[in-house]
Amino acid sequence: MEGQLCANVDISMKKPPGASPWSFIALLKVHRELLVGRIRNTQCLIDNLIKNDYFSTEDAEIVVQFPTQADKVRKILDLVQSKGEEVSEYFVYVLQKVTDAYYELQPWLDEIGYEPSENICSKPVVNTDPVSRYCQKLRHELGRDSKFVMLYAQKEEMLLEEIYSNSIMELVSFTNESLGHVGQIEALFDDSVGLINEDGETVYVYGDAGIGKSILLQKIQSLWARKELDIGAKFFFCFRCRMFSCFKEDEAICLKDLLFKYNCYPDQDPTEVFHHILQFPHTVLFTFDGFDEIYSNFDLSSVPEICSPNEPIHPLALLVSLLRGKLLKGSKKILTARTGTEIQKNIIRKKVLLRGFSRNNLKEYTAMFFKDERQRALVSNQLEANPNLCSLCSVPLFCWIIFKCFEHFHSMFDSHELPDSSVTLTDVFLLMIEVHLNRSTKTSLLKSNIRSQAEMFKSRKESLLALGKMAYKGMENSSFIFEQEEISSANISEEDLQLGFLRTVKGYSGCDSQATYEFLHLTLQSFFTALFLVMEEKVGTKELLEFFNECSSMETAQPTCLRIPWLKKQLAGEDPFQNKEHFNFTNMFLCGLLSGSRQKLFRHLVSPAVIKRKRKILITYLGKNMKSHLKGYTRSRLKSYNQVQVQPNFVWMLRCLYETQSEKVGRMAARRMHANYIKLAYCNAYSADCSAISFVLHHFQKRLALDLDNNNINDYGIKQLQPCFSKLAVIRLSVNQVTDHGVRILYEELSKYQIVSFLGLYNNQITDVGAKYVAKLIEECSSLEYVKIGANKITSEGGKCLAQAIQKSKTMFEIGMWGNQVGDEGAKAFAEALRNHPRLTNVSLAFNGITTEGGKSIAEAMQHNNSVRIFWLTKNELDDEAAVSFAEMLKVNKKLVHLWLIQNQITAKGVKCLSEALKENTTIQEICLNGNLISQEEAKAFENEERIICF
């Protein structure tokens with residue numbers, strides 16, 4: 001009703017230039033109902049009127065007596081108008097100055113063109129609006145909380161600005177196809193890019209453990225607190241999802257308590273603040289970090305379809321209702337989870353995949369981390385010399401661990417080189433444990449008490465066992481939060497806590513009075529679990545392989561999050577939130593700790609007979625599991641190849657094998673594959689996994705095909721594939737962040753062995769520089785028949801080089817250049833390559849900015865070509881003049897079978913010429929012209945020629 005009244009009010013009282021001053025009393029009378037409808041806070045007006053002696057305390061008491069907000073506004077207006085022009089103007093001035101409280105009136109103030117008088121400008125205005133005060137408090141507290149990143153428990157803090165570095169953020173579709181990169185954080189909320197479901201409200205950010213999800217949210221929090229994130233959010237509430245596991249099954253709270261009690265509580269009138277949030281949910285931003293870390297016995301099938309914002313209910317039900325938009329519909333939400341966590345599509349607005357550091361990101365982070373130029377140069381040189389280490393450093397968490405270890409040892413012993421040769425993740429975590437233990441050891445001024453890793457571990461054996469025992473107990477229950485009682489029962493002392501492997505966290509439940517703990521990172525809990533399994537002599541076969549069995553059982557039934565209300569169809573006892581990556585990490589670390597190279601370390605900690613027994617159990621299991629693992633995969637018989645299509649869990653198997661560092665295990669795995677075409681596309685493999693892939697594949701005796709399309713391999717991964725290149729005849733690396741540097745490595749390696757026949761580099765970051773390396777490979781490698789290098793950044797310069805190389809090659813069968821920008825100059829070069837080429841059969845120059853000039857050159861050259869069967873020229877700028885040239889070509893060329901001219905600028909006139917040419921050509925099977933400048937009516941003229949396809 002109020003909205004209708006406001007809509008009917010004339011607000012065109014803008015004062016014309018040079019006009020005499022208007023009456024503010026009259027202004028308030030004319031716009032009375034608009035003001036009554038849009039003023040939601042009266043206390044701020046009353047406070048300022050009293051402060052400037054315009055209102056007495058009696059006036060304020062009169063206003064407060066009225067029961068409704070609208071009546072209070074009416075009474076204030078009556079009193080203000082009765083006190084004259086100055087008070088009436090000051091009333092309008094307060095509305096203008098306190099923007100947060102009266103933002104709905106700002107358009108009205110702009111419309112009337114209000115400019116305060118000099119007298120009124122001298123009057124103070126104080127914002128006492130509870131909502132504004134709460135927003136200020138929220139910004140202050142979130143700014144303080146996000147300013148530092150806590151490191152090594154309570155021992156060290158670093159400024160977020162000194163540790164945060166950009167990484168690759170990729171927008172993806174529901175099928176995980178790339179939709180472009182996120183350059184600025186604001187783009188996460190920009191619907192013009194990456195929107196895949198306009199009805200969803202949640203930006204879903206996912207990636208592997210340690211890839212930077214949590215620190216990204218902290219960065220967003222920091223930007224919002226400093227008012228540097230312009231997305232229209234007045235409120236920001238952040239939650240760590242694992243804390244929801246602290247709530248007991250019978251606990252219930254209301255939405256107001258969830259927001260205020262576990263974030264920041266309003267100092268004034270929480271009811272009014274909460275009411276404002278309910279009224280304007282679009283001004284709220286939520287972040288929910290680590291959705292996969294919720295583990296609860298709460299029965300989500302009991303969650304009602306609609307939740308009341310005022311009625312107490314289990315906190316998990318509130319979380320689910322917020323994500324589904326049943327509560328605070330229209331609010332902005334960011335949800336993070338590890339790769340493999342399934343989220344219902346209907347809640348997702350955007351999907352963002354974090355891919356870690358690119359080559360340039362790593363350089364930036366190295367420069368940020370090591371301020372000392374000499375240290376920075378030393379680290380950079382060592383990284384460049386060790387691609388395996390570089391690949392580990394593409395994961396921000398592992399990079400930070402490696403850099404902290406280097407920094408610590410450098411400060412302790414003046415010089416310390418990063419590990420060389422093959423570095424496993426177990427090596428990195430053992431190094432981190434050593435650093436923590438070293439930090440707890442007092443050193444002399446001369447730093448002479450250097451102890452070996454074995455001595456250091458032996459001196460703290462009981463502490464490591466106690467921490468491992470608690471980690472194991474938690475891992476069994478997928479629990480990541482530990483209360484004081486669990487700390488005590490594991491015999492973890494105060495001294496053990498000071499080692500820095502655990503940190504205190506704020507509880508969300510009734511355990512607030514006691515300290516609550518968690519491991520520094522989920523992967524560290526996995527490591528300590530594996531350490532316990534190795535060090536505890538009583539651990540038998542069942543316990544040793546417990547988490548392998550957990551992972552095996554999940555392969556057949558992948559858990560799905562947010563299955564509401566269809567949760568009722570679940571198997572009894574299945575956890576709807578569960579992701580088991582932490583079990584995979586535990587298994588991987590177990591393989592690393594039981595590797596042969598670790599026996600020297602563990603003989604000081606465990607009986608050699610126990611280690612030998614456990615190692616035998618593990619190796620036997622890996623052999624049997626590898627065999628059964630591969631049985632279930634899809635196999636295909638291709639020309640010259642037996643193909644096996646593996647799944648993402650196979651990458652974890654390879655990681656485990658690599659951690660053993662056993663050549664015997666590698667050979668065994670290679671024998672049991674029974675395939676020579678390994679298809680690892682869409683398996684979420686990243687660069688460090690290439691070491692594991694090479695570890696197995698270099699044992700193959702014959703030529704291999706390797707498909708790594710749509711992963712996160714990048715240049716470092718290519719370098720780690722070096723042991724395989726002597727075997728690889730087919731290598732597919734499309735959609736993998738490969739740059740010119742990676743292409744250079746490919747050229748240098750593949751040209752040595754002269755066996756590669758297929759090179760797939762579609763949709764990477766290759767420029768003309770990389771194109772020149774591919775061109776050299778085409779020239780020098782006579783075995784190369786297929787090159788797919790579309791959707792890169794190749795211009796006419798790179799296009800010319802490729803075309804000239806193809807012209808010299810007598811073996812090239814297919815070239816795919818879709819989605820580059822070779823233009824007419826590039827097209828002319830390809831035309832010369834096509835002229836009289838003996839073998840080139842499939843050619844794609846689609847979407848390359850080719851106009852009529854380039855098209856005519858291609859058509860003329862094709863009159864002298866007898867090899868090409870399929871030609872794609874889709875999405876260029878070819879018109880009727882080009883069509884006429886192609887028509888002339890078709891009268892001569894009787895070998896071309898498919899010509900695709902989709903989405904060009906050809907009209908019915910050009911189509912007619914092509915149709916006429918077909919009377920003299922019986923070979924060509926189709927000319928595709930969909931998406932050209934032809935109407936359906938015009939297309940009817942060509943219905944009799946079935947080979948002309950217009951629609």
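**View 1. Cys690 is a buried cysteine in this predicted model.** At 0% relative accessibility, Cys690 counts as buried (under 20% relative accessible area, with exposed over 50% and partly exposed in between; 1.4 Å probe, protein chains only). Its closest cysteine sulfur belongs to Cys724, 8.5 Å away and too far for a bond. A disulfide is a pair of cysteine sulfur atoms within 2.5 Å, and the whole structure has 0 of them. As this is a predicted model, local features need pLDDT of at least 70 and side-chain atom pairs count only at pLDDT 80 or more, while totals for chains, interfaces and linings use all residues. Residues are numbered from 1 along each chain as its sequence is written, and side-chain values use heavy atoms, leaving out hydrogens and water.

**View 2. Here is Cys264, with Cys135 as its closest cysteine by sulfur.** The two sulfurs lie 9.8 Å apart, too far for a bond. Cys264 is buried too, with a relative accessible area of 3%.

**View 3. Meet Phe237, a member of the largest nonpolar core.** Such a core is a set of buried Ala, Val, Leu, Ile, Met, Phe, Trp, Tyr and Cys residues joined through side-chain atoms within 4.5 Å. Of its 274 residues, Phe237, Phe403 and Phe871 touch the most other members. Leaving aside residues up to four places away in sequence, the contacts of Phe237 (heavy atoms within 4.5 Å) include Tyr134, Leu138, Phe260 and Phe286.

**View 4. Three strands form an open sheet in the order β10-β12-β11.** The pairing is antiparallel, and the edge strands β10 (482–483) and β11 (502–505) each pair on one side only. Strands are DSSP runs (E, at least two residues), numbered from the N terminus, and two of them pair if DSSP finds at least two bridges between them. In β12, Tyr517 is the bridge partner of Phe482.

Note on methods. Helices (H or I, at least four residues) and strands (E, at least two) are DSSP runs, numbered from the N terminus.
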